[in-house]
Amino acid sequence: MQDSSFELQRLLGRTARGDRAAFKELYDRTAAKLFGVALRITGRRDIAEDALQECFIAVWQRAADYDPVRGGAMGWMTTILRHTAIDRLRRLGSRPEGHVASADQLLTIAADERADSGAELRALRRCLDELEERPRQAVLLAYLYGMTREELAVHLATPVGTIKSWVRRGLERLKRCLDG
Amino acid sequence: MRYDDPELRERLAAEYVVGTMPRLARQRLERLIAEDAGMAQLVAQWTERFAPIDQAAPEAEAPARVWRDIERRLPIAPPPEPGWTGWFRSLAIWRGIAAAASVAAAAAILYLALSPSLPPPTVIAVLNDDGGKPSWIVLRDVRRADVSIDAIRSIADDPARSLELWGIAGGPPRSLGLLPRKPGEKLILQASLLPPPGGVLAISSEPPTGSPTGTPTGPVLFKGDVLGRP
């Protein structure tokens with residue numbers, strides 16, 4: 001967990017009580033990271049800005065639903081952001097040509113191993129490495145860019161049924177490796 | 001779809017987090033997550049598994065316009081008004097309300113006590129103790145989209161316990177937060193969080209950080225019906 005995780009939880013709790021100052025502070029601390037994720041998914045500033053706005057409106061409205069027992073505040077907010085970005089992209093446009101990285105770059109973009117990489121990122125990298133190549137691509141394309149099964153099918157020139165199977169196998173394998 | 005198969009649950013949670021779930025299926029799952037703590041837990045676990053990827057994403061500064069647009073859409077916050085706080089601190093008012101035999105009488109007292117320039121608040125609920133004495137009042141300022149809950153009698157404070165507010169609307173109780181301990185502090189809630197008219201608000205005694213289970217674990221000390229429109 002990030003060292004500021006408890007602080008974010010506290011701010012989210014106060015947001016749930018209608019504390020606007022706490023909500024602003026939550027925004028100041030997390031918007032840059034969430035915007036970065038939105039940009040990666042959509043590849044478009046205009047859609048990413050839209051998604052960021054909708055994400056924070058949803059955070060304001062649903063802050064009372066957040067239960068710290070179930071996980072970190074940033075993860076909760078990121079999930080909202082991801083789904084908002086995916087929906088906005090679907091409705092408002094498409095990713096620019098060339099935004100999606102080539103297959104050999106995906107793992108580096110997702111989990112670049114550097115001297116300052118945390119233990120969790122290294123563990124995830126190691127486990128992603130262990131997946132078969134196509135399931136790994138499917139999982140990474142889905143996670144990095146919010147690709148739907150249909151988009152994956154086109155991008156990887158593979159039937160949707162096979163995509164579903166790759167994603168399923170990839171996730172099962174990932175869980176066994178990470179939990180193992 | 002049967003949601004009790006462990007492998008299926010795991011797979012749904014994983015695909016929800018990864019993003020490959022179609023939109024309608026995702027909305028169905030979100031409804032399930034709201035009620036099924038086990039599913040919510042699985043989703044949280046998958047979120048944590050992938051979190052390092054998002055943590056490693058480069059940050060980017062969003063234009064100031066984004067926050068301005070967010071702020072514009074939030075409920076309007078009125079500026080602090082000295083007359084308002086002065087009224088709240090008036091003990092005589094509270095004794096009158098506590099003695100009032102009915103909610104209507106309590107509302108009338110509030111209305112009469114206010115300076116004519118201030119719009120009267122809407123009484124959403126009055127919570128009584130189990131002797132029937134009005135103890136807490138839930139008010140909505142008509143200019144806001146949120147409500148405040150305030151003690152109208154001195155409430156015996158047990159430092160080893162906290163008071164937690166619950167909304168009940170035909171289903172399991174839903175926590176609305178802990179009541180503040182410091183005198184003069186109020187709990188402010190978004191009106192949308194309250195049960196609709198016909199629902200019930202209740203306050204239970206809980207451990208200092210609130211109920212560990214998500215439902216009341218201690219005795220219900222105060223209760224009242226939700227009136228009017230939140």
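**View 1. The bridge partner of Val147(B) in β6(B) is Leu189(B).** In this predicted model, local features need pLDDT of at least 70, side-chain atom pairs count only at pLDDT 80 or more, and totals for chains, interfaces and linings use all residues. Strand β3 (residues 146–151) of chain B runs antiparallel to β6(B), and four bridges join them. Strands are DSSP runs (E, at least two residues), numbered from the N terminus, and two of them pair if DSSP finds at least two bridges between them.

**View 2. An open sheet of eight strands in chain B.** The order is β5-β4-β7-β8-β1-β2-β3-β6, with antiparallel pairing. At the edges lie β5 (174–178) and β6 (187–190) of chain B, each of which pairs on one side only. From one strand to the next the twist averages 25 degrees (axes are lines fitted to C-alpha atoms; angles run from 0 to 180 degrees between N-to-C directions).

**View 3. Buried and exposed residues of α2(B).** Helices are DSSP runs (H or I, at least four residues). Ala25(B), Arg26(B), Leu29(B), Leu32(B) and Ile33(B) are buried (under 20% relative accessible area, 1.4 Å probe, protein chains only). Seen down the axis of α2(B), these buried residues fall within an arc of 120 degrees, so they line one face of the helix; the arc is that of the directions from the helix axis to the C-beta atoms. On the other side, Leu24(B), Arg31(B), Ala34(B) and Glu35(B) are exposed (over 50%).

**View 4. Packing of α2(B).** The buried residues of α2(B) pack against α1 (6–18) and α3 (37–55) of chain B and α4 (73–92) of chain A (contact: heavy atoms within 4.5 Å). Residues are numbered from 1 along each chain as its sequence is written, chains are lettered from A in the order in which they are written, and side-chain values use heavy atoms, without hydrogens and water.
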